[in-house]
Amino acid sequence: MSSAATIDLASVTKRYGDDAVAVDAISLKIKAGTYCCLLGPSGCGKTSTLRMIAGHETVSSGDIRLGDVVVTDLPPAKRHTSMMFQSYALFPHLDLVDNVAFSLKMKGTPKAERRAKALEMLKLMHMEPYASRRPAQLSGGQQQRVALARALITSPQALLLDEPLSALDPFLKVRMRQELKRLQRDLGVTFVHVTHSQEEAMALADLVVVMSNGRIEQAAEPREIFHRPATAFVARFMGDHNVLAGKVTALDAEGATLSAPEGVSFRIPSAPHLAVGEVAEAAVRRDRIAIGESPTPGLGFTGHVRNIEYRGGSMKVVLDAPGVEDFTVYADEAAFDARPHAVGDAVALSWALPDVCVLKPSAH
C-alpha cells in the first residue's frame, strides 16, 4: 500500500456557468492518515469538493495538493487517489476477482499477478470465499466490500468515498461503519468520506468538515463539533444545541447580556467578537438543561410544552416561550418520570453558564 498523502485545498472554488457557485473559496488541510468526513445537507458542496479532489470535476480557481504534488490539473489516473462511487458500479458480467482486478488489467498488469492481488484484497475484505461469484449473487454489504477492494487494489494515497453507506439498511450501516474504520486504521490511508448523516460522521471521522452553501462552517474533531459548535448553522444542523439570538446590551467581567425579542434576556460567556449593540448568537446543549428548577436570572426561562417524544433512555421535550421557539430539552427518562410534564404545561428551564457556547457569525 502506498504511503498516505496529506490533502491540501487552497481557496478552491467550483462554478457551474456564470452564476452557480457550488464551492466557494474553501481552504482545508487533511493530514495524512486521517479519516475525514465532509458533512452537510444536500447541495452544500461536499460532493463537488470530493470530485474535485478526485479529478472528476475541474477546479474553477484555487489549487489542490496531494502530498508534495499540485494535482489541480492532473487527470484522475495521475493523482494516486481512488474513488468509490455511491452506486458501487460493479461489472455484472465479471466475477469478483475480475471486478477487483479490473484497474490493474487496464494498466497492463499480467493476469496471474493481478488475480493474486485481487484475491489478496478480497481476503482483506473477508470476501475470498465468494471470489467466483457475480455481483448479482451478493448482498448490498458484500457488494460494498467488493467495491472497496477494487478501489484499494491500486494502493492509493487517498481513498475518496461518495456516500458509501446510503444504500444500506440501518443495521448493516452500523456494521459497515465499523468495517470502514477498521480498514482505514489498518491501512493507514487518508479517507475522505462524503455523508449527510451526522451520526455517521461522528462515528467514523477524525476530522469532521461541516459545509453549508459551498463554504466550510467548521472543521474539527467530532468532540469539538459536539461540545463547541462554531456557528448557529453547525449547532442547528448537528441537532445537539438550542440557539439563542439577540442584541448584546451589556458586557462585564463574567460575560455578556443578550436581549432577545419580547423582553427576554440571557447571560452568555464573554468572547472577543462581542460588542454592545451588536447581534450575537449562543448555543445551549439540549442534554444540559434542567426541567422544573427555577433558573438564575439570565440562565433559563419558563416555557410551554408543545411536544414530548420518547427517545429510549431520555425524553425529547419541545417548548415555546415569548421570544423563544422550538426550544428542545433531552431529559433523563427517570428524572422526567419522577416529575412528569404534559403538553400545555408551563415549565421552568435552567442551565449553567459553562454550558453556553458563544457562536461566531456563519460562514455565509
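Threonine 81 touches Ala54, Leu66, Pro76, Pro156, Ala158 and Leu160, leaving aside residues up to four places away in sequence. The model is a predicted one. With a relative accessibility of 14%, threonine 81 counts as buried, because the cut-off for that class is under 20%. The residue lies in strand β6, which covers residues 81-84.

Strand β6 belongs to an open sheet of six strands, ordered β6-β7-β8-β3-β9-β10, with mixed pairing. β6 and β10 (215-220) are at the edges and have a single partner strand each, so one side of each is left without a neighbour in the sheet. From one strand to the next, the twist averages 15°. Strands of a sheet pair through backbone hydrogen bonds, either parallel or antiparallel. Within this sheet, strand β3 (residues 35-39) and strand β9 (residues 207-212) run parallel and are joined by four bridges. Leucine 38 has valine 209 in β9 as its bridge partner.

Helix α1 packs on the sheet, where it touches β3, β6, β7 (158-162), β8 (190-195) and β9. The direction of α1 makes about 145° with that of β7. The helix spans residues 46-54 and is mostly covered, with seven of its nine residues buried. These are Lys46, Ser48, Thr49, Leu50, Met52, Ile53 and Ala54. Ala54 is also one of the residues that threonine 81 touches. After α1 comes glycine 55, which has a positive phi near 95°.

Note on methods. Residues numbered from 1 in each chain as written. Predicted model: local features only at pLDDT ≥ 70, side-chain atom pairs only at ≥ 80, totals over all residues. Heavy atoms only, no water. Buried < 20%, exposed > 50% of the residue type's maximum accessible area, 1.4 Å probe, protein only. Helix = DSSP H or I, 4+ residues; strand = E, 2+ residues; numbered from the N terminus. Contact = heavy atoms within 4.5 Å. Pairing = 2+ DSSP bridges. Axes fitted to C-alpha atoms, helices over the stretch in contact; angles between N-to-C directions.
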